[in-house]
Each structure stands twice: as structure tokens, then as C-alpha cells.
Amino acid sequence: MSAKPDTASPARAEAHASTAAGAIHLPAVHLILSDPACGPLIAEYGRVQTLEAARALLAELRSVLLAGRRDGVPVAATCDTSIPALLAMLSERLRDANRSPLRPVFNLTGTVLHTNLGRALLPDSAVQAVAEALRWPMNLEWDIDTGKRGDRDNLIEELLLELTGAEAATIVNNNAAAVLLMLNTIAQGKEVIVSRGELVEIGGAFRIPDIMTRAGAVLREVGSTNRTHLKDYAEAAGPQTALMMKVHCSNYAITGFTKSVELPELAPLSKQHHIPLAVDLGSGTLVDLEQYGLPHETTVRETIEGGADLVTFSGDKLLGGPQCGIIVGRADLIAQIKKNPLKRALRVGKLTLAALEPVLALYRAPDLLPERLTTLKLLTRPTAAMREQAQALLTPLQAALGAGYEVSAEPMMSQIGSGALPVDQLPSHGLVIRAAATGRVSNALGVLEQRLRALPLPVIGRVAQDALWLDLRCLDDHQQQRFTDQLALLAV
């Protein structure tokens, strides 16, 4: 007679396996899930996910216990296998598995527009607009007045024209995309004249020559690395020239024996040859920063008035808005760009437009910008406020770190970041941590930097000159208490 098939339930099979050989005693998974204390986990994470996590946990513990038995280690010394202990481990496992990899951090690097930390922080008006766009259908491409399909660029074009003086505008997902789209539209298969000193490479190995190749344009270098003259552009202009282009040297500066052709000098030449002149500003600004005590940066309006036919710039750098690339300029050229099939691939969605419009609207009141635009508020933060904050945080931080470290409040220099004004720095204040001379931990600063990153709200500083620097420029007053509250977790 053949044996009857085993029709035992999975739960009964697991219970049997857990007691087999009498060596390893782990609760069956159904006992864990039926425990009242597991109810909140199931309510939060769902029964399926909780069940799978419990099975994985039991399998791992079983392997640990078997290994301990082979090595002669008592089970009690290996781990606690009671249901309360297992539920605590299960809770931690589920929490870690469901934690978003995109997390808020304290940016104490001293770089305000930090590319790796998301660049510009949005003002409250933009945050509220994005929340509204998340909850409701929006007239993204619907003209409410006519009841017909509209153009999503129309939602912000009027504001951009008012603020820049351009004839037309369009938006894509970042400034690299703006440059790519512009070159592909205007210069595919033709030459683009660029000074050799402006063939920049920015973060992520993004190079102007490479983007030209991808756009199908032919690069025509003129001048030398440190000196380019107007005659170099004039001699290069010909029947195959589709565009003259200037590129903002966003992350470096050449000093000494140098010469470059500025826009007012180059614009008449481009007009004479009927060749459009494009300017990639990179981190473009809409206002003169000098009025706020910051170094001057050429504005988009100045660039348009200087004779540029097309200008590309970022929305998430000095402008202080969401990540996007903005192209403004002549109406006929913008119209060509918007007809390019690539425009659809590079366009922005409703969340970007919802965030950008209120940010642009703030520029209508430039006298109120330092109070309302988060980026400008951080860039113009008084040094005295940061000095006072450093003194307040000095004692609790020293107490949390103990005798192995020495903390001091010191002046330091911040930078704008993301390619804006690369050689200009801003006086700041913060906390400097050095390893104590009597410290016994090797690589003490590296260990501390890792511990700060492991906090619930990670603290990101910078290690330089045998010290860990925590620049307080970007630690807003309302964030200070959250920073202080978690210092206790650093105590060893």
C-alpha cells in the first residue's frame, strides 16, 4: 500500500521542524503571528510581509543556533528565543525593510546648495503647492478658459518672461537636458563655436564636448585654455556654423594671464553673421545678489539684454526652486525647441511646475526674498546668529562625545555650492571636533563621522585639517532642538 500524502498544514510542518531532534527549540511561526503583541505589526505592515519576515528570521536564527551547537556554545548564550524577544527582532527587521532610502539629514557641510544633498530647499509656499498637486487633479495641459488642451509651459511662461525680459520660455527636467535639447534642435549636424577655456566638466563627468556629441552637434573649439579673442570666433564662423555658445565656468576659475570674450563684445559678431548666440549660465539667478550682500553673479535678464538669443539655467540652484532646466530667449528659437520630439522625453511633470510657479512669484517682491526664499535666507544668514548657535550647542555636544574628543566653537567659511560663484566664500560659524590627545581610538574622527551618519536624523559634516567641521549655516533655528535631542545617542 502506498503511503498517504502529507496533508499537514505549513504551520504544523514548521512546528514539527522546530522541535525535530530535540536540539533547537524555536516557536512555530503561527505562534508568533497569533501573539497579541504581533497585532500592531500586522496592522502596519500587512500579514503577508510580516509572515515572510518571521519565516526569514526563524530560518536565520535556526542556522545560528545549529552553528552554536556544533561549536559547543549553549543555546542560551547564543540568543533569546522567547516570543517577546523574537517580536522585538521582527519589529526592527520590518522597520528597517520599510525605511525609505531617501531620508532627511542635517546638512552641516558648509555647502548650501549641495548637489549630493538635494540642492535648494523649497519655501513653504512651494511645499504647500506641491502637496495640493499631489491631492488633486490639476489643469496641467488643460486651458480652463477655452475648455481645450493647453501647453504646460504656459503655467509659468508669463512669470519667466516678466522676470527675464525674454520673448519665450520652456521647461525641461534639468539644465543638462536644457543644453542637450537646445543643441539638438538648433545645431544637429552643424558646428557650435565654443571657447576652449569654457569646455567645462561638472559633477558626474558631465562634459560639454560629450553632450554636444550626444546632441548631434559638431564642436568647433576656438582660442586657447587661458586666452580667447573675438577674432577667434570671427575666423571660425562659416556656412556650417549653427550656434555660438558661451558656457559659465561654474566650478573653477582660471586666473593670471587670461582673456575671454564677454557677451557685449560677442553679441554684435553673432548678429553680423546671423548666427544665434546661446549662453549656458548653469546656476542662473534672477536678481542681483549684491543687494543682499553677496558677490555679483550675472543675472538671466542681464544676459538677455546683453544680446543672448538663448539662455539655459537651473531651477534648483541659485533660483531656489525645484530641479528643472529653463530655456528662455527668442520666440522663434523657443518654438523650434518645443517642437523637437526630445522635448516630450525631457519635459517636467505637475509637481515640478507646482513648485516652480510659487518660487518664481516670490521674485516679484525682491525686497522680501531674504525672508521668504529659503536658499537666500540661508545664504544671507547673519554670522552672529550662527556664532550664538554654536555656543549653545558646544556644551551638549562635548558632553555627548566625552573625553575622547575636544569640541570648540570657531569661525569658518561656507560656500554657495552647485557651481555658483566657485571662488567666493561666506563667513560662517560652527563647531570643530578634534580627537583628544589622550584618545585611544585609532581613526577617531572617521569613527565619529560614521556615528553621526548613523543617527536617526544623520548629521553630515566634513573632515579636513585633522578635524570634523560642523558648519551651522544650514541648521535653522527650528531644527536645533531635533539636533540636540539625538546627541545623547552618541554617548558611549
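Helix α18 (residues 374-379) supplies the most to the lining of the largest cavity: three residues. Helices are DSSP runs of H or I with at least four residues, strands are E runs of at least two, and both are numbered from the N terminus. This is a predicted model, where local features need pLDDT of at least 70. Residues are numbered from 1 along each chain as its sequence is written.

**Exercise 1.** Describe the largest cavity and its lining.

*Solution.* 
- Step 1: The structure holds one cavity of 30 Å³ or more. A cavity is a set of points on a 1 Å grid over the protein atoms alone where a 1.4 Å probe fits but cannot get out.
- Step 2: The volume of the largest cavity is about 40 Å³, counted as the space filled by probe spheres set on the points.
- Step 3: Its lining residues (an atom within 4 Å of a point) include Val287, Leu318, Tyr363 and Thr375.
- Step 4: Sort the lining by class: eight nonpolar, one polar, no charged. Tyr counts as nonpolar here.

**Exercise 2.** Characterise residues 25-62.

*Solution.* 
- Step 1: The unreviewed UniProt entry lists residues 25-62 for "domain: L-seryl-tRNA selenium transferase N-terminal".
- Step 2: This stretch is 76% helix and 0% strand.
- Step 3: Its end C-alpha atoms are 9 Å apart.

Definitions and conventions
This is a predicted model: local features need pLDDT of at least 70, side-chain atom pairs count only at pLDDT 80 or more; totals for chains, interfaces and linings use all residues. Side-chain values use heavy atoms; hydrogens and water are left out. On a 1 Å grid over the protein atoms alone, a cavity is a set of points where a 1.4 Å probe fits but cannot get out, and a pocket is an open set with protein on both sides within 12 Å along at least five of seven lines; lining residues have an atom within 4 Å of a point. UniProt positions are given in the numbering used here, feature names are shortened, and annotations may be inferred rather than shown by experiment.
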